[in-house]
Amino acid sequence: MQKRPVCFMLRVMSAAAVAATLSFGFAVPAGAEPAPDGATAPGSEPTAAVDAAADSARIVEIREISPTHSVVDVYSPSMGRVISNDVLRPATGGSLPTLYLLNGALGNEDGVGWINNSGAPAFFADKNVTVVLPIGGRFSFYTDWDRADPVLGVNMWQTYLTQELPPVMDAHFSGTGLDAVAGLSMSGGPALDLAIQAPGRYRAAASFSGCPAPSSFLASFGISTMIASGLNNPFNMWGLPGSAAWRAHDPALNVEKLRGTAVYVSASRGATGAVDRIPAGAIPPIGGMVVEGLVHRCTEMFVDALNAANVPATVSMRDTGAHTWALFEDQLREAWRTTIAPALATR
C-alpha cells in the first residue's frame, strides 16, 4: 500500500475529525427527520417507576412508544445518573437474546441515530432479538474514563454496558443471557473493545466503519482532536496517547482476546456508491468520504492483526460507501445475517 506523507495525513485527519463530530452519518434517508429520541407517544403513560436513590442499577421508568418500541430509563450507579435506552422487541415477545446497538459521535443526544436515521426499527421488527440502544455518551467512546471531565462529567460506559445494564434488561425482558454488541463510526472500535474488556459477555461483536486501531499515531491524533472539538479534555479518557491505557483498549493490539467471539468488521475506501442512496444531483458528502477513507485504513490495521494472529472474523472491506446512514444500515444487515444472528442462535 502506498504511504502518504505524515504532514498530509495530519491535515486530513484534523479536518475529518471536525467533520465527524457534526454527524458521523451524512446522508439522511428521505422522510427521516431527526427528532428528540424517546419522546413519549401521545396518550402513552409510564409503565414502571422505582426509586433511583439506592446504589444499584435499576429501571426508573418505561415509556411505551409503540407495541415494539419502548424507552427504558435505567439508573447507573457508576455514573450517578439515569440513562435512557431505546428498546426494540418483536410483537411476539418471549425470551430472547439481546443486541446492544451503539450510536455515533453524539450518542443520539441530538436525535441523530439508528432509530431516526436508518431502517433498523423496521429491520428488527420480525427478528427474534431484543435490541437495546443507549441514548447518550457523546464523545465518550463508550469506555470508562480515567477522570471525570468538566464538560462531559463522569463517563463509565464500559461499566454501564457490561455490568449494570445487561442484568436489568435480562430481568425485565426475559433475556436468554446471550448478548452481542455492535457500533458505528465512533462506537465501532469500542464495540470490539467492550468484548475484549468483558470476556464472555458478548457472543458477537461488530464494527461498522469504525476505528479498531485507536492507539496508532494518526488514529490517536484524530480521536483526541475529535474529543477536544467538543471543548472536552481528551486526556481525561485514557491519559496521553501512547500510554498503556490506550494500548489496552486497542482491539488491533488485543485480537487474541477476541478468539471465541464472532467478529464482524467493515469499512469502505470512501467513494460514493449505490449503497449510500444519495439522491441524484445532491452534493456529495465530502466530509463523509474523507472520514470513511481514514477509518478504512484504521480497519485495515485491525484486519492485518486478525490475520497475523489467525483469529477468525467476517471481514467486509468495500470500495464504495461514504460514511452515510445507508452504508451503516447495509453493514448492520450483513453483520446480522453472517455473524450476529448465528452467534445468538436466533434469526
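# Chatting through a predicted fold

Colleague: How many helices and strands are there, and how much of the protein counts as buried?

Modeller: This is a predicted model, with 10 helices and 10 strands. Of its 347 residues, 57% count as buried.

Colleague: And the accessible surface, what does that come to?

Modeller: About 13700 Å² for the protein, and 57% of that belongs to carbon and sulfur atoms.

Colleague: What share of contacts join residues at least 24 apart in sequence?

Modeller: If you take contacts between residues at least 6 apart, 72% join residues at least 24 apart.

Colleague: Okay, on to the inside. Which residues touch the most other members of the largest nonpolar core?

Modeller: Met-169 and Phe-302 do, in a core of 53 residues. H4 supplies the largest share of this core, with seven residues. There is also a second, separate core of 29 residues, and Leu-88, Val-131, Leu-178 and Leu-184 are among its members.

Colleague: Let's stay with Met-169. Where is it found, and is it buried or exposed?

Modeller: Met-169 is found in helix H4, which covers residues 157–173. Its relative accessible area is 2%, so Met-169 is buried. As a general matter, nonpolar side chains tend to be buried together in soluble globular proteins.

Colleague: How far apart are Met-169 and Val-72, in sequence and in space?

Modeller: In sequence, 97 residues separate Met-169 and Val-72; in space, their C-alpha atoms are 9.2 Å apart.

Colleague: Now H10. What does H10 span between its end C-alpha atoms?

Modeller: Helix H10, residues 325–344, spans only 25 Å, whereas a straight helix of 20 residues would span 28 Å. H10 also has a kink of about 55 degrees, centred on Trp-336.

Colleague: How many residues of H10 are buried?

Modeller: In H10, 15 of the 20 residues are buried, so this helix is largely enclosed by the rest of the structure. Just after H10 comes Ala-345, which takes a positive phi of about 55 degrees.

Colleague: Speaking of phi, what is it at Asn-108 and Leu-231?

Modeller: Asn-108 has a positive phi of about 65 degrees although it is not a glycine. Leu-231, also not a glycine, has a positive phi of about 65 degrees. For background, most residues other than glycine have a negative phi.

Colleague: Where do those two lie?

Modeller: Asn-108 lies in the loop between strand S5 (96–102) and helix H2 (114–117). Leu-231 lies in the loop between helix H6 (217–229) and helix H7 (235–238).

Colleague: Last one: is each of them, Asn-108 and Leu-231, buried or exposed?

Modeller: Asn-108 counts as buried because its relative accessibility is 3%, under the 20% cut-off. Leu-231 counts as exposed because its relative accessibility is 71%, over the 50% cut-off.

Definitions and conventions. Residues are numbered from 1 along each chain as its sequence is written. This is a predicted model: local features need pLDDT of at least 70, side-chain atom pairs count only at pLDDT 80 or more; totals for chains, interfaces and linings use all residues. Side-chain values use heavy atoms; hydrogens and water are left out. Helices (H or I, at least four residues) and strands (E, at least two) are DSSP runs, numbered from the N terminus. Buried means under 20% relative accessible area, exposed over 50%, partly exposed in between (1.4 Å probe, protein chains only). Contact means heavy atoms within 4.5 Å. Accessible areas come from the Shrake-Rupley method with a 1.4 Å probe; for residues, only the protein chains shown count as cover. A nonpolar core is a set of buried Ala, Val, Leu, Ile, Met, Phe, Trp, Tyr and Cys residues joined through side-chain atoms within 4.5 Å. The expected span of a helix is 1.5 Å times one less than its number of residues. The bend at a residue is the angle between axes fitted to the seven residues ending there and the seven starting there.
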